[in-house]
Amino acid sequence: MRTVLRWMLAGAMVFAGVTHLTVARKEFQAQVPPWAAELTPLDEDAIVVASGVVEIMLGTALVALPKERRRVGAILAAFFIAIFPGNISQYVEKRDGFGLDTDTKRLVRLFFQPVLVAWAWWSTRR
């Protein structure tokens with residue numbers, strides 16, 4: 001079961017990363033908090049591109065580096081935690097994106113992030 005869930009997560013990460021770079025680039029920009037561009041030398045688009053590349057790398061590493069799966073899982077869990085403030089910002093600032101066009105939808109999404117953290121951690125442990 002862990003292997004199946006790990007492969008599913010890997011596929012989801014690669015898919016999300018590719019969409020960061022292509023068809024959903026504008027949607028992902030809506031999730032970049034305004035303060036993120038102030039804290040880095042990157043603009044919103046560069047942040048989206050960079051996070052997409054990271055997602056592709058992490059998704060690929062989940063299956064391509066089986067001996068490193070625990071480390072990759074920990075890094076992926078940390079990545080999900082690191083991007084959580086962007087999700088909070090999207091809720092607080094009422095920014096639409098990916099059909100999250102109501103406070104209720106944006107709030108429900110916040111509860112999914114801990115599921116991703118747990119999924120990354122659990123699926124990479126023995």
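**Close-up 1. Glutamate 68 and its salt bridge to arginine 71.** Glutamate 68 is partly exposed, at a relative accessible area of 31% (partly exposed falls between buried, under 20%, and exposed, over 50%, using a 1.4 Å probe and protein chains only). The structure holds seven salt bridges. A word on the source: this is a predicted model, where local features need pLDDT of at least 70 and side-chain atom pairs count only at pLDDT 80 or more, while totals for chains, interfaces and linings use all residues. Residues are numbered from 1 along each chain as its sequence is written, and side-chain values use heavy atoms, with hydrogens and water left out.

**Close-up 2. A salt-bridge network of Lys94, Asp96, Asp103 and Arg106.** Aspartate 103 meets lysine 94 at 2.8 Å, N to O, and arginine 106 at 2.9 Å, N to O. Aspartate 103 is partly exposed, with 31% relative accessible area, whereas arginine 106 is buried, at 5%. Because arginine 106 and aspartate 103 are three residues apart in helix α6 (residues 103-122), about one helical turn separates them (helices are DSSP runs of H or I, at least four residues, and strands runs of E, at least two, numbered from the N terminus).

**Close-up 3. Valine 72 in helix α5 (residues 69-92).** Valine 72 is buried, with a relative accessible area of 7%. Leaving aside residues up to four places away in sequence, valine 72 touches Leu58, Ala61 and Leu62 (contact means heavy atoms within 4.5 Å). Threonine 124 is 52 residues away from valine 72 in sequence, yet 7.8 Å away in space, C-alpha to C-alpha.

**Close-up 4. The aromatic pair of phenylalanine 79 and phenylalanine 80.** The structure holds two aromatic pairs. Here the phenylalanine 79 and phenylalanine 80 rings are tilted, 6.2 Å centre to centre with 55° between the planes (rings of Phe, Tyr and Trp, the last by its six-membered ring, pair if their centres lie within 6.5 Å; planes under 30 degrees apart are stacked, over 60 edge-to-face, the rest tilted). Both phenylalanine 79 and phenylalanine 80 are buried.

**Close-up 5. Arginine 125 over the face of tryptophan 121.** Arginine 125 lies 3.5 Å from the ring centre of tryptophan 121 (the cut-offs are NZ of Lys or CZ of Arg within 6 Å of the ring centre and within 35 degrees of the ring normal).

How values were computed
Salt bridge = Lys/Arg side-chain N within 4 Å of Asp/Glu carboxyl O.
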